[in-house]
Amino acid sequence: MINACRILALVLCLALPTAAPFISPAAADDGWGEDEEIDLRPGDRGEDVRWLQQRLRQMGYLFTKATGSYDKDTRFAVWAFRKSQGMQAANIVDTDVWRRLTRPRKVRPLVKTGSANRVEIDLRRQLLTVYRRGRPVLISHTSTGAGVRFCQGGRCRVAITPIGDFRVYKRAPGWTTGPLGSMYNSLYFVGGVAIHGGRKVPSWPGSHGCVRLPMSIADRLYRMVTIGEPVYVRQGHKLKG
């Protein structure tokens, strides 16, 4: 039987002055409280995962269906959400993450005077944010230049993602293959550097300089961004820890 008093105490504890808290229906049905942690990790299934996915979709971190299975796309979305809240990228959805899901911090822009429609890339947090009419509508984990020296075709250089103000000047749909590997739905914004999808997107800077994204995000982004879209690349905000 559900402990009604316990649930009422949780609701009163989380209540906001301007809006009702966003509480997982699955957690409420189970009588979940502050003293009982519901930790989620990749591979978990159930209504708590579905609620997590629905919330991430609402906030622009996830663009696949809420299946109730903690899959790869959900993991990328959790990484992005954690980093947007100043936390380190990690797979676990613990008490701190649940609290942030109910009361998320406002996403801090890198360029306050930037165009209302723009793409921002935060190198320190490895985070890409798309703005529409001045509001963040897509927030994704990314993997940018690794900062290591590499050689290709007799030329050696350091794998960096350039900092500055750019614009998308070329779009390449689907898969394309170049001397440094394959890219999906590429959006070029300076030289041979592009925002693109990839099958491997590590939690650390791991590219030759491009801005690598999860495949589902690359699909969504390609439908949103056109030629001439501003792209702002900055060192970015610090994470805790």
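Guide: A cavity is a set of points, on a 1 Å grid over the protein atoms alone, where a 1.4 Å probe fits but cannot get out; lining residues have an atom within 4 Å of a point. This is a predicted model: local features need pLDDT of at least 70, side-chain atom pairs pLDDT 80 or more, while totals for chains, interfaces and linings use all residues. Residues are numbered from 1 along each chain, and side-chain values use heavy atoms, without hydrogens or water.

Visitor: Which element gives the most to the lining of the second largest cavity?

Guide: The lining includes Tyr-61, Asp-73, Phe-76, Ala-77, Ala-80, His-141 and Ile-217. At least two residues each come from α4, β3 (135-141) and α6 (215-224); helices (H or I, at least four residues) and strands (E, at least two) are DSSP runs, numbered from the N terminus. The top contributor, with four residues, is α4.

Visitor: Is α3 oblique or perpendicular to α4?

Guide: The axes of α3 (residues 47-59) and α4 (residues 72-84) come within 11 Å and cross at roughly 60°. Axes are lines fitted to C-alpha atoms, for helices over the stretch in contact, and angles run from 0 to 180 degrees between N-to-C directions. Under 35 degrees is roughly parallel, over 145 roughly antiparallel, 65 to 115 roughly perpendicular, and the rest oblique. Therefore α3 is to α4 oblique.

Visitor: How many residues of the contact of α3 with α4 are nonpolar?

Guide: Contact means heavy atoms within 4.5 Å. Leu-52, Gln-53, Leu-56 and Met-59 of α3 meet Thr-74, Ala-77, Val-78 and Phe-81 of α4. Ala, Val, Leu, Ile, Met, Phe, Trp, Tyr, Cys and Pro count as nonpolar, Asp, Glu, Lys and Arg as charged, the others, Gly among them, as polar. None is charged, two are polar, and the nonpolar ones number six.

Key: 1 Å grid on protein atoms, 1.4 Å probe; cavity = no way out; pocket = protein on both sides within 12 Å on 5 of 7 lines; lining within 4 Å.
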